[in-house]
Amino acid sequence: MQLSGFPAAEVEFDRTGELVGDRGEAVRALAADPAVTDLVVLTHGWNDDHLVARLLYSALAGSLRAVSGDPPGRRLAFACVLWPSRKLAEGGLAERLDLLRDLVPGQRLTIDAAADLVPALAARATARTAFAAALLSAAARGADDHEDASTQLFTLPGGTVMDRLGADAAAHLLDFLAYYEMKARAGSVGVRGLAPLLAAFAGPRVHLVGHSFGGRLVTAAANACPAGSLATLTLLQAAFPHDGFAGSFRRVVAEGVVTGPILVTHSARDAAVDLAFAIASRIADAGSGSYGAIGRHGAQRTAEAVAAELLPVSGTYRWRPGVPHNLLADRFVRGHTDVCGPQIAHALSSAIAAS
């Protein structure tokens, strides 16, 4: 398999992080190839099928080939991760409830009970409370923390949650729970699936690249890797809290897991990445902006973070090893999926060459 002339292989995980398909054999063989000096691990974000992920990988590899190709004396290869992510639902409450049934298949009966309450939500406070309580009981616990107000979500009474979420409370709650389940799944795949696989790679430098929830996946994997084991980490409009490197993923920076630069693109033009965090502010009854995505604001409350800008392909980067570089990307990233342009490829190539 090749992507724009780069050797490549796919590796697939299920929702729990277990290897499926060839169980990673193709990627292991690629990593063991003595000609490969640098293995770039690509991870997609939310989508509904593998075709979308493959199109993303192909476009990014094409931009990298057009901008730079292999750095001098290096040979790049791509490990393309496939994992069961899902888009947030579009439409009404029925579509949102269907998505949650898909994300938490073991809780279908509880979600059905919540769905039966929908006609009474506008008229009865008791129905609103019971609706929230049922949905919260269906969520997979263990991924809740203060960084996105999910701890508050699971400790507040259901009626309080609905009151704080306002007129569209049911839709907001379902959207946030879908975000939460995808957050939990990305973490599981990163820690239980990708990190152990990376530990088997003895030869090449490893560069992790994640888009959207894939950014959370690769960061969770990095957080479980030994110090000094990764060459670079690139987060493209990542969907995890902007203070993640000061909290849940502090170890990545504090213990020097990444020896080269950490790249964090962020853009005010990416509204989609911040939707769940606007809901988080309502759940916590906090001011606007109290919670936010790293893909919207960059790494916050992280003393080591470097303020920088995503440059045109003619620009020169000055990287610092092991620390996040907040690359303001408003000029070139116009939306959540606009992450395959030549400027992105130039930044990635520059970081790889510097590692």
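The model is predicted. Its largest nonpolar core holds 127 residues, and a search of the whole structure finds 18 salt bridges.

**Nonpolar core**
- In soluble globular proteins, nonpolar side chains tend to be buried together.
- Within the largest nonpolar core, F78, L173 and F245 touch the most other members.
- Helix α8 supplies the largest share of this core, with 17 residues.
- Beyond its neighbours within four places in sequence, F78 is in contact with several residues, including L3, F6, L30, V40 and L64.

**Helix α5**
- Helix α5 comprises 14 residues (125–138), which at 1.5 Å a residue should span 20 Å; its end C-alpha atoms are 20 Å apart, in agreement with that value.
- The buried residues of α5 are A127, F131, A132, A134, L135, L136 and A138.
- Among the elements that cover these buried residues are α3, α4, α6, α7 and α8.

**Aromatic rings**
- A pair of aromatic rings is described by the distance of the centres and the angle of the planes.
- The structure contains nine aromatic pairs.
- One of them joins Y179 and F213, whose ring centres are 5.8 Å apart and whose planes stand at 35°, so the pair is tilted.
- Y179 belongs to helix α8 and F213 to helix α9, so this pair ties together parts that are 34 residues apart in sequence.
- Both Y179 and F213 are buried.
- The rings of F240 and F249 have centres 5.2 Å apart and planes at 85°, so this pair is edge-to-face.
- F240 and F249 are both buried.
- One aromatic cluster is formed by W46, F176, Y179, F213 and F277.
- R65 lies over the face of F6, at 3.9 Å from the ring centre.

- Side chains of opposite charge can pair when their charged atoms come close.
- D38 forms a salt bridge with R74, and the closest N and O atoms are 2.8 Å apart.
- D38 lies in strand β4 and R74 in the loop between α2 and β5, so the pair ties together parts that are 36 residues apart in sequence.
- D38 counts as buried because its relative accessibility is 0%, and R74 is also buried, at 14%.
- D38 also meets R205 in a salt bridge (3.3 Å, N to O).
- R205 lies in strand β6, so this pair ties together parts that are 167 residues apart in sequence.
- R205 is partly exposed, with a relative accessible area of 35%.

Notes. Residues are numbered from 1 along each chain as its sequence is written. This is a predicted model: local features need pLDDT of at least 70, side-chain atom pairs count only at pLDDT 80 or more; totals for chains, interfaces and linings use all residues. Side-chain values use heavy atoms; hydrogens and water are left out. Rings of Phe, Tyr and Trp (its six-membered ring) pair if their centres lie within 6.5 Å; planes under 30 degrees apart count as stacked, over 60 as edge-to-face and the rest as tilted. Helices (H or I, at least four residues) and strands (E, at least two) are DSSP runs, numbered from the N terminus. Buried means under 20% relative accessible area, exposed over 50%, partly exposed in between (1.4 Å probe, protein chains only). A charge sits over a ring if NZ of Lys or CZ of Arg is within 6 Å of the ring centre and within 35 degrees of the ring normal. The expected span of a helix is 1.5 Å times one less than its number of residues. Contact means heavy atoms within 4.5 Å. A nonpolar core is a set of buried Ala, Val, Leu, Ile, Met, Phe, Trp, Tyr and Cys residues joined through side-chain atoms within 4.5 Å. A salt bridge is a side-chain nitrogen of Lys or Arg within 4 Å of a carboxyl oxygen of Asp or Glu.
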